[in-house]
Amino acid sequence: MKLGIIGGNGVAATNLLNTMIEQQLTHAGAYRDCHHPEIITWQATNVPSRSMYLEGRGESFIPGYVEIGTQLKNLGCQQLCMCCNTAHFAIDELTSKIGIPFFNMVEQVIARAMQSPAKRIGLIASDGCLKGRVYEKYLSPSQLERMVYPDADFQKMVTAGICNVKNANRFLPTDNENNPQNQFEQVCRFLHSKSAELIILGCTDIAVSFQRVEYDECPILNSLQVLCDMICQWVYDHNFSPNTEGKRT
């Protein structure tokens with residue numbers, strides 16, 4: 001089986017995803033290169049911003065994703081994924097136009113969140129993800145009542161943190177106000193103060209600088225880890241074995 005990853009959104013998050021997949025499979029028993037699936041990663045850095053499009057400030061990313069997904073299909077990929085929560089706004093359209101399935105990271109994150117005992121669930125996501133109601137698409141009215149969001153000032157901090165993951169500010173000392181880890185911790189503190197008992201990291205960029213599994217005893221649900229889990233489960237389900245020598249044991 002061959003997986004196609006549409007990445008570049010961001011670049012560091014996509015690189016981290018590949019590392020996470022390799023490490024999780026190795027922990028599970030892989031010990032040779034042939035024990036891992038073939039993956040084609042396309043850093044789609046020239047495609048318009050997903051968030052800016054949904055904010056009404058830029059061109060659509062959808063044609064670019066269709067073109068890239070089609071090329072990945074032509075290269076033999078049987079399964080695709082997007083290393084971007086916001087891009088899931090168009091997952092149904094992309095699946096239809098490209099003709100092969102996508103892992104639906106957002107739907108799986110919501111499924112896990114709703115299985116938790118948390119009465120209040122915080123969501124940290126891009127402006128476009130929120131305006132496009134990418135997560136809300138998978139929530140019933142009663143489930144929507146459980147959601148907690150940053151206020152306007154803290155949402156600006158989310159945006160600043162996502163931008164700072166993509167630049168040299170992520171290498172600043174962690175106590176620097178422009179270090180994204182510091183910024184995301186402040187957002188988590190705000191959501192926790194609003195009674196959030198679980199916090200979703202609904203942007204894969206966040207995981208690059210903020211890899212905590214909980215904040216002040218409040219569990220963190222990392223969307224990038226969810227996508228990694230889905231990919232690894234797909235590998236297990238297909239008993240990945242390109243040849244006898246590489247058969248998983």
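Q: Which side chains meet in a salt bridge with N to O at 2.8 Å?
A: A salt bridge is a side-chain nitrogen of Lys or Arg within 4 Å of a carboxyl oxygen of Asp or Glu. Here the side chains of Lys 137 and Asp 92 meet in this way, 2.8 Å from N to O. Lys 137 lies in the loop between helix 6 (127-131) and helix 7 (141-144) and Asp 92 in helix 4 (residues 91-98), so the pair ties together parts that are 45 residues apart in sequence. Helices are DSSP runs (H or I, at least four residues), numbered from the N terminus. The model is predicted: local features need pLDDT of at least 70, side-chain atom pairs count only at pLDDT 80 or more, and totals for chains, interfaces and linings use all residues. Residues are numbered from 1 along each chain as its sequence is written, and side-chain values use heavy atoms, with hydrogens and water left out.

Q: How many salt bridges does the rule give?
A: The count comes to six salt bridges. Among them is the pair Glu 55 and Arg 57, whose closest N and O atoms are 2.9 Å apart.

Q: Is Glu 55 buried or exposed?
A: Buried means under 20% relative accessible area, exposed over 50%, and partly exposed in between (1.4 Å probe, protein chains only). Glu 55 has a relative accessible area of 18%, so Glu 55 is buried. Arg 57, at 53% relative accessibility, counts as exposed.

Q: Which residues does Glu 55 touch, not counting residues up to four places away in sequence?
A: Contact means heavy atoms within 4.5 Å. Glu 55 touches Asp 127, Gly 128 and Lys 131, with residues up to four places away in sequence not counted.

Conventions:
Helix = DSSP H or I, 4+ residues; strand = E, 2+ residues; numbered from the N terminus.
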